[in-house]
Amino acid sequence: TGDVVDVTVQRSLLYGNVMTQLIKYDSRQRISLHHNVYTANGERNPQIKGDARNIDFVSNVVHNNTMTTDGLGNAYSPYGTRLWNAAPGSDSPGNITGNFVANAWVGTNASLSIDTDSGASAAGIYLSANYCNPGPCRTSPAPSPQPVPAANVVTVTTHDQMRSSMLPTVGSPNRTATDQAKIDAVATALPCVSRAISVSDQAVNEGDGGVTGMVFSATLSAASDCPIKVDIATAPGTATQGSDYEGAGGTLSFPVGSTSQTVAVAVRGDRVFENDEFFVLNLANPVGGTLADAQAVGTILNDDSPGF
């Protein structure tokens, strides 16, 4: 509160508070809040209202706010961030200007609220590249961004970078076990960048007997910072399950950081001269990814000669 100018808060873990507010009296200018995590806070966090100018709220995560009560026992319904352009005559008249870019509001009580009273303008608020779950996020009420104050230059962080690069540094190096648990919960709630899953064709000689492994390779378009899963199942073509090959199915998992996994299908050999035969391996129901190539053909090559 009061005259607050050129303030930067970064890489902090703020939890268990009733509110973090920039409200009331005089003006707040050139306030940079970036790479912070707000979690398990009551009512709204942060709340910015009144004459607050050049606010840069960039690359923050607001997560899982909780119900709270005031000293009189009145319950407050929480939400993530409140931008309030209070009208003249209220306790904090004025208008907000600033950039709200690349933030994530995750959790039932972690939404973004923009309240504009009669006589105040929301034109100075610029919203871009934010993520809200449940969403959708509000779109920007302003036609263009406000100038970023030179004294508070911030780096925009995407949501996958938040998980892999930003969260490990928040609250360091004195993070407690409780802090770490809250950071882990935030990491789990953040969205994953979808990766494309493909599976490639394969062929093997059938052999004269016993079992030969046909190994399919499933690949991601790039490594992910979230686990990815996809269901797999074989289906017959000209080859017959049980006599030419053994069916396979289940769920294929890609751990964090991996780009490929294999699926082995047993091919049964014989000494019968016959045409090449095939079956297919299908991918379905991806979690954390999309299907680029959802089917691979497994060709069983005849290696027998014709005889009497």
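Residues are numbered from 1 along each chain as its sequence is written, and side-chain values use heavy atoms, with hydrogens and water left out. Since the model is predicted, local features need pLDDT of at least 70 and side-chain atom pairs count only at pLDDT 80 or more, while totals for chains, interfaces and linings use all residues.

Helices here are DSSP runs of H or I with at least four residues, strands are runs of E with at least two, and both are numbered from the N terminus. Buried means under 20% relative accessible area, exposed means over 50%, and partly exposed lies in between (1.4 Å probe, protein chains only). A polar atom of the Ser-164 side chain lies 3.1 Å from the backbone oxygen of Asp-160. This is a polar contact, a pair of N or O atoms within 3.5 Å; within protein, one atom must be able to donate a hydrogen and the other to accept it, and residues adjacent in sequence count only if both atoms are side-chain atoms.

Four strands form an open sheet in the order 22-19-17-24, with mixed pairing. Strand 22 (260–268) and strand 24 (289–293) stand at the edges with a single partner strand each, so one side of each has no neighbour in the sheet. From one strand to the next, the twist averages 30°; axes are lines fitted to C-alpha atoms, for helices over the stretch in contact, and angles run from 0 to 180 degrees between N-to-C directions. Two strands pair if DSSP finds at least two bridges between them. Strand 17 and strand 19 (residues 211–220) pair in the antiparallel sense over three bridges. Thr-219 in strand 19 is the bridge partner of Ser-198. Strands of a sheet pair through backbone hydrogen bonds, either parallel or antiparallel.

Disulfides come next. The whole structure holds two disulfides, where a disulfide is a pair of cysteine sulfur atoms within 2.5 Å. In one, the sulfur atoms of Cys-132 and Cys-137 are 2.1 Å apart, and the link is right-handed, with 105° about the S-S bond. Cys-132 counts as buried because its relative accessibility is 13%. In the other, the sulfur atoms of Cys-192 and Cys-226 are 1.8 Å apart, and this link is left-handed, with -90° about the S-S bond. Cys-192 lies in the loop between helix 2 and strand 17, and Cys-226 in the loop between strand 19 and strand 20 (228–236), so the pair ties together parts that are 34 residues apart in sequence. At 34% relative accessibility, Cys-192 counts as partly exposed, whereas Cys-226, at 7%, counts as buried.

Another loop, between strand 21 (249–254) and strand 22, holds Ser-258. Ser-258 is buried, with a relative accessible area of 15%. A polar atom of the Ser-258 side chain lies 2.8 Å from the backbone oxygen of Pro-255.

Finally, the search for aromatic pairs finds five in the whole structure. Rings of Phe, Tyr and Trp (its six-membered ring) pair if their centres lie within 6.5 Å; planes under 30 degrees apart count as stacked, over 60 as edge-to-face and the rest as tilted. The rings of Phe-216 and Phe-279 have centres 6.1 Å apart and planes at 75°, so this pair is edge-to-face. Phe-216 is in strand 19 and Phe-279 in strand 23 (residues 277–287), 63 residues apart. Both Phe-216 and Phe-279 are buried. Phe-279 also forms a stacked pair with Tyr-245, at 4.3 Å centre to centre and 15° between the planes. Elsewhere, ring pairs link Tyr-38, Phe-57, Phe-100 and Trp-105 into a cluster.
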